[in-house]
Amino acid sequence: MNIFTVITGVASKVARTSLSQAKEAGISGNLKGDGFQNGGTVVLNKGAGEVLLCHYEVEPGSHVDPNDLLKALHIRLPHDPVESSDTPKVTCSEDACTKN
C-alpha cells in the first residue's frame, strides 16, 4: 500500500458515504492514525476456535454485511424464510452464543 491507495481509499464512494452518514448521525472523529491500515471483522466459535466469519476491509468504509454476520451466527430474523430442521438452533447468554 502506498500514499496513492490511501488517497483513493478515502476518496472512494464507500468511504464518502460512511463519512456522510456518520456526520448526519452526529458522530465526529478525525483522520489521525495509520492511513495505511485497513480493518476487518473476525467472528470465532468460542469453544473450538473455528472461524465463523472473516471479512477484510478492502477500502476504508467497507464493512461486513450485517446479513452475513447474522448468517454466520445462525441467527434468523422473524421475516427470514424457515430453514430446514437440520439447521442448528442458537441460544445466547451474556457470555456467548451456543448451538443446540
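1. Leu19 is partly exposed, because its relative accessibility is 48% and the partly exposed class lies between buried (under 20% relative accessible area) and exposed (over 50%), using a 1.4 Å probe and protein chains only. Leu19 is part of helix H2, residues 13-24; helices here are DSSP runs of H or I with at least four residues, strands are runs of E with at least two, and both are numbered from the N terminus. From Leu19 to Gly29 the C-alpha to C-alpha distance is 9.4 Å, with the two 10 residues apart in sequence.

2. A note on the source: this is a predicted model, in which local features need pLDDT of at least 70 and side-chain atom pairs count only at pLDDT 80 or more, while totals for chains, interfaces and linings use all residues. Residues are numbered from 1 along each chain as its sequence is written, and side-chain values use heavy atoms, with hydrogens and water left out.

3. Strand S1 (residues 40-44) contains Val42. S1 runs antiparallel to strand S2 (residues 51-56), with 5 bridges between them; two strands count as paired if DSSP finds at least two bridges. The two strands make a hairpin with 6 residues between them, and in the turn Gly49 has a positive phi of about 70 degrees.

4. Is Val42 buried or exposed? Val42 is exposed, since its relative accessible area is 53%.

5. Val42 also belongs to a nonpolar surface patch with Leu44 and Val51, and together they have about 280 Å² of accessible area. Such a patch joins nonpolar side chains (Val, Leu, Ile, Met, Phe, Trp, Tyr) within 5 Å, or like charges within 9 Å, from residues with over 30% relative accessible area and no salt bridge. A salt bridge is a side-chain nitrogen of Lys or Arg within 4 Å of a carboxyl oxygen of Asp or Glu. The areas come from the Shrake-Rupley method with a 1.4 Å probe, and for residues only the protein chains shown count as cover.

6. His55 is in strand S2. Leaving out residues up to four places away in sequence, His55 touches Gly40, Thr41, Ser62, His63 and Val64, where contact means heavy atoms within 4.5 Å. The His55 side chain also reaches the backbone nitrogen of Val64 at 3.4 Å.

7. Glu57 sits in the loop between S2 and helix H3 (66-72). Glu57 counts as buried because its relative accessibility is 18%. Its side chain reaches the backbone nitrogen of Gly39 at 2.7 Å.

Note on methods. Polar contact = N/O pair within 3.5 Å; in protein donor to acceptor, adjacent residues only side chain to side chain.
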